[in-house]
Amino acid sequence: MTEPTGAAETSGTGATSDEAVTDDFQLPGVPDAFQRLWTPHRMAYIKGGQEQYDHPDSCPFCVAPSRSDEQSLIVHRGRLCYVILNLYPYNPGHALICPYRHVSYYTDLTEEETAEFSALTQTTIRVLQKVSRPGGFNIGMNQGKVGGAGISEHLHQHVVPRWGGDGNFLPIIAQTKAITQTLGEVRELLADGWPVDDDGDRPAAGAARTEAAGDR
């Protein structure tokens, strides 16, 4: 395959010739050094922007609890908050802690929500330590559009397990992550590892949370 020069050849009229912008696969475009992973499913988010999630009826973090745990990738349902897997994880086990209420900022949480939000974060870390033995964690919240929140209208905290070498050349150079487990497998692993309630039972899979559902 001919090595790209990075410069397009021009015809005598000064216009770029077809040959100069067509590679050996006969696809238009000047060849370059980038490999591309096509993700057309992200176009719905790009076109709609943040505004498509500004109402509880269209917010995925509000809709998720109405579906089964398996459908929504919910790991645990608390009274005021719940734990769900990130649909686009940085590492296997990348979880999100969310309040059921549709609020944007950490300061919007009540004292009771804050306590459960924090407790679920700690439990998520303990469960990941038990079932996956990561070497460390990244924990944090991006708040507001300017703060980099993917869905800024509904507060969520990231818990990302880290292992030595997971920041290798793939994400650093190629902007690509290799995820070694399916989301379904990870959800089941964490749900099975979740500590039992005081009465000795785990919350029923897919159990609907009805308390304060009208408080959003």
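Residues are numbered from 1 along each chain as its sequence is written, and side-chain values use heavy atoms, with hydrogens and water left out. Because the model is predicted, local features need pLDDT of at least 70 and side-chain atom pairs count only at pLDDT 80 or more, while totals for chains, interfaces and linings use all residues.

His154 sits in the loop between β4 (136–140) and β5 (157–162); helices (H or I, at least four residues) and strands (E, at least two) are DSSP runs, numbered from the N terminus. With 1% relative accessibility, His154 counts as buried (under 20% relative accessible area; exposed is over 50% and partly exposed in between, using a 1.4 Å probe and protein chains only). Its neighbours, leaving aside residues up to four places away in sequence, include Cys59, Cys62 and Cys98, where contact means heavy atoms within 4.5 Å.

Over the whole structure, a search turns up two aromatic pairs. One of them, Tyr106 with Phe117, is tilted, at 5.9 Å centre to centre and 55° between the planes. Rings of Phe, Tyr and Trp (its six-membered ring) pair if their centres lie within 6.5 Å; planes under 30 degrees apart count as stacked, over 60 as edge-to-face and the rest as tilted. Phe117 is buried, at 1% relative accessible area, whereas Tyr106 is partly exposed, at 33%.
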